[in-house]
Each structure stands twice: as C-alpha cells, then as structure tokens.
Amino acid sequence: MTRDVPLWWRNGARWIWLLAAALVLASFWMVSRVPVERIMGPVQKIVYIHVPSAIVTLLAFGITFAAGIAYLATKQWIWDAIGAASCEVGLVFATVVMITGPLWARSAWNTWWTWEPRLTTFLILWILYAGYQVIRSSLKSGSKRTISAIMGVVFFANLPIVWKSVEWWRGSLHPRNVTMAPDMRQVLIFGMLAWFVVYLAAFERRLRLEWAREAYSREARDVADSAPLEARIR
Amino acid sequence: MTFLVVMRKDLRLFVRDARFLATLGLFSASLVLILSVAFGPVFTEPAREAAATVWAALFFAGVLGLTRSLELEGESGAGDALRLSGADPFALYLGKTLANFALLAAVFLLLLPLTAIFYDVGTLRELPGVLGVAALALIGYSAWGTLFAALARGLQARELLLSVLLFPSLVPIWIGAVKLTHAYWGGAPVAEVKDWLKVMAVMDVLGLALAAWLYEAVEEAGE
Amino acid sequence: MILRAEAVTKRFDDRPVLSGASLSLEPGQVVHLVGPNGSGKTTFARIVATLLPPDDGEILVDDVPVSERRPQTRRAIGFASHAPLLYLALTPVENLEFFARLSGSRDGRRRALELLERFGLEQAAHRPIAHFSRGMLQRVVLCRALLNDPELLILDEPYAGLDDAGVLAVNQVLAEIRKRGRTALLIAHDKERGGGVITRTVRLRNGRVEEQT
C-alpha cells in the first residue's frame, strides 16, 4: 500500500479545492447582490449558509450511515475511513448550523433559542456525532471500526422518528415551505452546490489522512514483523 | 429458552448485589427529591412537573442500571464463557434486555409513589394507564439501552457517555412518556396525546430490530 | 477432533505477538506449550479457544474454519485460564447449570452435580463462589471447562495456587482425556507437576511454535 493516495486522486484534489473556492466566492458575490428580504432585513442572508450547511450535514451523516453498513458487510477498512471522514466533516457543518441558527432566530424572532423542531433535531444530531468522535478516539484499533460503523448506523436510523417527534412536540416556527422569490431560490440552490463542494474538498483531505494512517500502520507492522521477536520483548 | 435462562441469571445477580440495589434506589430517590425541591414548594403545574421529575430521575437511574448489567460479564471473565457456550447472541441480548426492563420497572415502581406523594398527583384510577405508558417507555429504553451499553462497555466514563448518547437518541420515547404521564395525571385529555403511544411503539420495535441485526457484531467487536 | 492452527498472526497495537504460529493437535495428545513470559502463550491459547480472532492465519477444527462460528465447534472446547470465567455471586450449581443450559443441555443440573461430586465439591455446591479458596475455585473452574465433555481441553496455568490434591485432580482429568482419545493443550510453568501426563512439548519462540523433544 502506497504511503499517499494515488496520483489521480492528488491531481483531482487540487481541482476540487479550486472549484470549491471559486464556487464559494461566487456564492458570496451572489448573496451580496441578491435583494434584501423585506421583513427580516439583511440578516436573513444567513439563510444562504444556514440551509446549505444543514443539507450538507444530513448528507454527510447519511454517507456515514451507508459506509457503516458497507463496513459491517465487507469489513474493508476503506469504508470505515469514509464513514469517519464524512462524520468529522459533517460535525463541522453541524456546528455551523448550530451557530447560524440561533443568530437567525435572534434576528428573526428576537430569541436565541426556540424549541423549534429542526434546530432541536440538529442539536441532537450534533451531540450524537460528537459522542461518536469521543468514543472512536477512545477505542483501540481492534474494535474501533466495528463500533464506529454500528454507531454510524444506529444514530442515523432513528433520525426520522426523532425529527418527526420533535416536530409534533412543538409547532413549527421554522418557515415550512419557504416561499422564496425565484432569484433568492436560485442563490440558495447555488449555495447548496458551493458548500457541498466544500464538503467534498474537506472530506477528501480527511480521507487522505485516514489513508496515510492505514499505510503507516501497515508499514510499522511490516517492519515489526520482520525483526526478531525476542529483541522486541521487554 | 436461552433468553429466559439469561434473564433469570441476570436477575439473580442483581438481587444478590444488595449494595448496588440500595445505591440505585437511593440515587433515584435523591433525584426525585432534588427536582421536587427545584420545582417547589408550591407547584404551579403539579401534573406536568411531576411527570418531568419521574422520567428525568428514571433516565439517570437507568443509565446506572444498564452499565451495571454489562459489567456483570466483565468482572470475572464470564463473557468469555458466554461466548464459548455457543449461545445465540440475540438470545443473550434479549435475556439481558428483559432483565434490565425488570430492573427499570422496579425503579419506576419505587419512584412512582414518591413522586405522586411529593407532588400530590395521581389516583388509582389512572394507575393502569400510567403503568402501561411506563411499560412501553421502559421496553424501548431497555432495548436501545442494552445495545448502547454493549457498545460502550470497556470505555472510560461509560456512564457519562451512555447518558450523552441515550438521551438524544431516545427523545421520542421521553417526550411521549412525559406527555402521556402528564395527561394521565390530569393535564390534557389522553385522547389528544394518544399518538405518542404509536411513536413509542415504533421506537421499541426499531430498537429491537436494530439489536437483532447488530448485536452479534457488537459482541465480536469486544474480542 | 483434530485442531489445526495455521500461520496464526496476532498483533497488539501493531506490535506482533504471534507471527505465523502453526500447531496441529491430534487425538490422544496432551500438548505442553512452553515459552518465556510474554511470548504469547496465553494469546495463542485464547486464539485456539476461538475467544480471540487472529489477524492472519486460520484455526481449523476438523477442517472447518472456526471463523464460521458454529456453536458446535465452541461447545466442543473446554477452556480454563487465570480468570475464573464464572459469576462470583452465584453458587457452583447455579453457575454450572447456567452454562450447561446455554450450551443446549437438557439436564444441566444433573451434570453439574455430577461434576461437583467428582471434584469433591458437594458440600460447597450451594454457596456463592465469591468466598471460595483458590483451590476450591480452581476446581469449580475445571468443572465448568469439562461441562460439555469437551473434545479439546485448553488449560492456561491450571496448577497456579493449587495444593497437591488439586494438582492431582488436574492430572487425573488430563490422563482421562488422553485415555479417551481426546486432546488437551496445557500451559504450565511447573513442568514437574504435569510430568506424568504430557505426551508432547512445543515451545513458542519468536512468535512461532517449535517442537521440543
């Protein structure tokens, strides 16, 4: 196994980062140009980060879910690497959601926190996946992968029920079907694309780190295997 | 039936550990006391505050019980012997889950009269309803809790981790339990909140299904 | 039953403990596994007992890989080590009956009482084992290992802390295993104690198994 990822990956990675930077810049430019929303004022423009981040978070954790299943089925390390990388990047985006959410709530409804369903569900997700990171880092390599995979599956599996429950628990202040002017919606969709590519770039980096770890680990093993055993026993 | 054998064994071990049972009982009673003091001395909405108290206390007591249940195997290597017996992992899981359910039910039966007395809520008429709700909630708590406890076994600070993970995952159960208990104790009419029964039942089934699928993998991960 | 360990490799945190250890155990053998402290004897024993999966290599029981996890394979193995693998708060009868039931036996209680009697534990059969002396506990451990009438018996340091009577009991078990054409794997520091019953000695060196004549 090579120490770094294959050449096509490294070359491709450069392009993804460039694309991400370009799209984000374009997105910011569009957001600055889009008309200010009448009722909520300029702060409403947070939605152009808030919503895409939320979508990316769900996507990221969904990938962790799928990767978990794949790992349990095949036991191949790459699926565990994908799951862990996606989870970590997803957690960053979830943090963005948890920061922009209250900011928007404050400006829109004059309160930092309302128990509105989507924000509450995201808080729950954040806690669960932060827990994932904590647990994963405390495990030895033997059980780490299986347990991470199981967590990735179980935490995501009851997401629909949790979401619905929080919705029923409290009526929604969150705009349901956002009726946005077409030009605003375009900017939003473009924002989703831009931030998704940012996710891909960060994910790629993080996956590369897992690759390097695995390669290093195998190297260390090979070196250790070939040295006489008695020399190594304390 | 293997799972019954396992359940009986776990129950026997719980019963013989008087110190653990006493600690569990005292701890959960203290929680009820703390919350009652926090809400009191005059309760603005006794039914609601009482429902919140009993379920919050039960949640934390449950974490202690669940961790203990998984520790039983670790103490003298009995887990190895379990594996060597060639027993079906799901039967092992189910037996443990049932024993945990019994333990949690016992805690609930302790906390229920305490809460009812402190908050002056509840009559015998609603008792069957409240017990039914508790049964549904505790089945789900045991099912998910046993699975998570197995995931977290052997980790440092596993009680903390377990609390952190179990509460968010089981939010549907907690909301349902509190709302229904509140309704039974004179809050809203039960008919309004009956849907939560379905939510809790779905969570229960989902938990058992996930465990059926994943428990063997969890067992193996410990090796 | 014939057990073959083929090229078993096991690492802990990337440090190899076993590197390509192979061993074949045939019926009628009492195999003594020796090696210095830390050479991986216990690890090897646990892998052979199917309690630990190897990183590389395979364990085959009657040509069936144990990774298939068939219950019958595990039930045919009796294992005893430093940890008692018992519930300390339960009595010997409760412990043995429990494990017998788990293995699918119908008359677990009868078998439990039988074994306890054989090892002179009838008096203590109904007391929680938490208060047992080392020697008595070891005898209960042996009972558990013999519960399913195993075809392969693995004993990791069975003589530790035993008096002469205890040592005799262990050796009797090993002799019987040999006579009945079954197999035993024994790890023990004191060679003399098991002297009479051992048929073959192998040594763990450099993570590999070598015959010792």
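**A loop residue in chain C**

Guide: Let's start with D62(C), which counts as exposed because it has 12 C-beta neighbours inside 10 Å. The cut-offs here: with C-beta atoms placed from the backbone, a residue is buried if 20 or more other C-beta atoms lie within 10 Å of its own, exposed if 12 or fewer do, and partly exposed in between. Before going on, keep in mind that this is a predicted model, where local features need pLDDT of at least 70 and side-chain atom pairs count only at pLDDT 80 or more, while totals for chains, interfaces and linings use all residues. As for labels, residues are numbered from 1 along each chain as its sequence is written, and chains are lettered from A and ligands numbered from 1 in the order in which they are written.

Back to our spot. D62(C) has a positive phi of about 50 degrees, although it is not a glycine. You'll find D62(C) in the loop between β4 and β5 of chain C. Strands here are DSSP runs of E with at least two residues, helices are runs of H or I with at least four, and both are numbered from the N terminus. Two strands pair if DSSP finds at least two bridges between them. Across this pairing, L60(C) stands opposite P65(C) of β5(C).

Step back and that pair turns out to belong to an open sheet of 4 strands in chain C, ordered β2-β1-β4-β5 and paired antiparallel. β5 (64-65) is one of its edge strands, along with β2 (15-25), and each of these pairs on one side only.

E157(C) has 18 C-beta neighbours inside 10 Å, so it counts as partly exposed.

Now the chain around them. Chain C comes to 6 helices and 10 strands, and 49% of its 213 residues count as buried. Its C-alpha atoms fill a box of roughly 45 × 35 × 35 Å along the principal axes. The radius of gyration of chain C is 17 Å, which agrees with the value near 17 Å for a compact globule of 213 residues. That radius is taken over C-alpha atoms, and the globule rule is 2.2 Å times the number of residues to the power 0.38. Of the contacts in chain C with a separation of 6 or more, 70% are between residues 24 or more positions apart. Two residues are in contact if their C-beta atoms, placed from the backbone, lie within 7 Å.

Further out is the neighbour, chain B: 23 residues of chain C are in contact with 20 residues of chain B. On the chain C side, α2 (71-75), β6 (77-80) and α3 (92-102) each supply at least two residues. That side divides into 17 nonpolar, 2 polar and 4 charged residues. Here Ala, Val, Leu, Ile, Met, Phe, Trp, Tyr, Cys and Pro count as nonpolar, Asp, Glu, Lys and Arg as charged, and the others, Gly among them, as polar.

Chain B itself has 10 helices and 0 strands. Of its 223 residues, 55% count as buried, and its C-alpha atoms fill a box of roughly 55 × 35 × 30 Å along the principal axes. There's a backbone detail to look at here too: the peptide bond from G40(B) to P41(B) is cis, with omega near 0 degrees. P41(B) lies in the loop between α2 (18-39) and α3 (46-74) of chain B.

The largest nonpolar core has 203 residues, and V48(C), I154(C) and L186(C) have the most contacts inside it. Helix α6 (residues 127-152) of chain B gives the most to this core, with 16 residues. Such a core is a set of buried Ala, Val, Leu, Ile, Met, Phe, Trp, Tyr and Cys residues joined through C-beta atoms within 7 Å.
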